[in-house]
Amino acid sequence: MTQPSHKALVPFVSVDNMMRLIHHIGIEPMLRELAGYIEEDFKRWELFDKTPRVASHSDVGVIELMPTSDGEAYGFKYVNGHPKNTREGLQTVTAFGLLADVHTGYPVLLTEMTILTAMRTAAMSALAARYLAPRDARVMAMIGNGAQSEFQCLAFHALCGVETVRLYDTDPAATAKTARNLAKTALSVVPCTSPEEAIEGAQIITTCTADKQYATILTDNMVGSGVHINAIGGDCPGKTELAPAILKRSDIFVEYPEQTRIEGEIQQMPADHPVTELWQVITGQAKGRRDARAITLFDSVGFAIEDFSALRYIRDRIKGTDMFEPLDMLADPDDPRDLFGMVQRAKV
Ligand SMILES: NC(=O)c1ccc[n+]([C@@H]2O[C@H](COP(=O)([O-])OP(=O)(O)OC[C@H]3O[C@@H](n4cnc5c(N)ncnc54)[C@H](O)[C@@H]3O)[C@@H](O)[C@H]2O)c1
């Protein structure tokens, strides 16, 4: 068998290597660095190709493709969302992604993105909160203690200075798991037995539950003035977390309105309900938090540019390391037009 040429090889980051990279960099430094890459890309938002993600729905979940390009590189993520999966011993969300060179169309990176999605979602949430949450926020309620939850908690510690997290999940075993995993971190962890108890004294409320329905994780009377809500779990048509009355009282910030109106909390509101695009807050073109009494809501659904930033970050960070494998992924015949001949010569 002939060895593939260097042109055939694409760096591949496996789950194992992604975990090595996280431990090599440190989880909180990596969350901060990822947030830096996302912030950089939000500052050049206008030059990206943008489209709502391409979703294929079934009765039990969704499979989505999330493409974008900045003209130099092109990226996409494949991601699913299947809330019933955990009962079968599977993840609700799995993902992988690819980055390519626009000039040749050749892929330059293939990577696992299940872990990377949790990292980038947490980095995005905490970055948004840095612009929107009360400056002195030190306590966060973390409602939904599944796969994303520890990443969210650590990002708010690393980027926003949150010191205490108050955990709640309908499944006490999930809360116990998150509490156990956060026990050796700098965070104070308070397991709670109701959502009302979890939000006591919290200036930031993160909702990160998974259920394929119009759920009401927070009712109107639970949300007082001056808080920041980081709503992560409502990210599909027919899948929301907040009572509509909360949306009416909140200043709502979104990633890409065309996608959020389909998938986010605001799918419950009229199509012209006012929202502010987060990139405009980050570039200083729009105001974030108006005053101490405002309720700010980051209606997060996850947008392709965040994954592009994460892919760019991994491409840069694996350079000079052994934390990837060269994957024989691109056919490379000696004569570019002799693809068939290459196949023929491979016959043993
Ligand atoms: N916005 C984004 O960018 C983004 C990114 C990744 C995941 N998500 C979404 O975040 C959600 C969580 O993802 P995950 O991977 O942690 O899922 P997961 O299934 O691992 O965890 C979800 C948790 O929510 C709990 N839960 C369900 N209903 C609840 C309720 N009414 N009150 C309290 N807890 C409840 C479940 O018991 C479970 O522990 C999913 O809906 C996913 O689609 C959004």
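Colleague: Is Leu154 buried or exposed?

Modeller: In general, a residue is called buried if 20 or more other C-beta atoms lie within 10 Å of its own, exposed if 12 or fewer do, and partly exposed in between, with the C-beta atoms placed from the backbone. Leu154 is buried, because 24 other C-beta atoms lie within 10 Å of its own. Please keep in mind that this is a predicted model, in which local features need pLDDT of at least 70 and side-chain atom pairs count only at pLDDT 80 or more, while totals for chains, interfaces and linings use all residues. Residues are numbered from 1 along each chain as its sequence is written.

Colleague: Which residues is Leu154 in contact with, leaving aside its neighbours within four places in sequence?

Modeller: Two residues are in contact if their C-beta atoms, placed from the backbone, lie within 7 Å. By that rule, and with those sequence neighbours left aside, Leu154 touches Ile27, Glu28, Leu31, Ala122 and Thr185. Distance along the chain is a separate matter, and as an example Leu154 and Glu46 are 108 residues apart along the chain, with 30 Å between their C-alpha atoms.

Colleague: Where is the place of Leu154, and how many residues of that element are buried?

Modeller: Leu154 lies in helix H4; here helices (H or I, at least four residues) and strands (E, at least two) are DSSP runs, numbered from the N terminus. All of H4 counts as buried, 12 of its 12 residues, so the helix is largely enclosed by the rest of the structure. Its cover includes H2, H3, strand E7 (139-143), strand E8 (164-168), helix H5 (172-182) and strand E10 (204-207). Just after H4 comes Gly161, with a positive phi of about 80°.

Colleague: What span is expected for H4, and what does it reach from its first C-alpha to its last?

Modeller: The expected span of a helix is 1.5 Å times one less than its number of residues. H4 has 12 residues and reaches 16 Å from first to last C-alpha, close to the 16 Å expected. Helix H2 (residues 27-43) can be read likewise, because its 17 residues should span 24 Å and its end C-alpha atoms are 24 Å apart, which agrees.

Colleague: Which residues of H2 are buried?

Modeller: In H2 the buried residues are Met30, Leu31, Leu34, Ala35, Tyr37, Ile38, Asp41 and Phe42. They cover an arc of only 160° around the axis (the arc of the directions from the helix axis to the C-beta atoms), which puts them on the same side of H2. On the other side of H2, Pro29 and Lys43 are exposed. Among the elements that cover the buried residues of H2 are helix H1 (15-25), helix H3 (114-132) and helix H10 (304-318).

Colleague: At what angle do H2 and H3 pack?

Modeller: Axes are lines fitted to C-alpha atoms, for helices over the stretch in contact, and angles run from 0 to 180 degrees between N-to-C directions. H2 and H3 pack at about 70°, with their axes 8 Å apart. Angles under 35 degrees count as roughly parallel, over 145 as roughly antiparallel, 65 to 115 as roughly perpendicular and the rest as oblique; H2 and H3 are therefore roughly perpendicular to each other. On the H2 side the contact includes Met30, Leu31 and Leu34, and on the H3 side it includes Met119, Ala122 and Ala123.

Colleague: At roughly what angle do the axes of H3 and H4 cross?

Modeller: The axes of H3 and H4 come within 8 Å and cross at roughly 40°, and these two helices are therefore oblique to each other. Residues of H3 including Ala118, Met119 and Ala122 meet residues of H4 including Phe151, Leu154 and Ala155.

Colleague: And what of H2 and H10?

Modeller: The axes of H2 and H10 come within 9 Å and cross at roughly 125°. That makes H2 oblique to H10. Among the residues that meet there are Glu33 and Tyr37 in H2, and Ile305 and Phe308 in H10.

Colleague: Which residues of H1 are buried?

Modeller: In H1 they are Asn17, Met18 and Leu21. These cover an arc of only 105° around the axis, which puts them on the same side of H1. On the other side of H1, Asp16 and His23 are exposed. H1 is followed by Gly26, whose phi is positive, near 100°.
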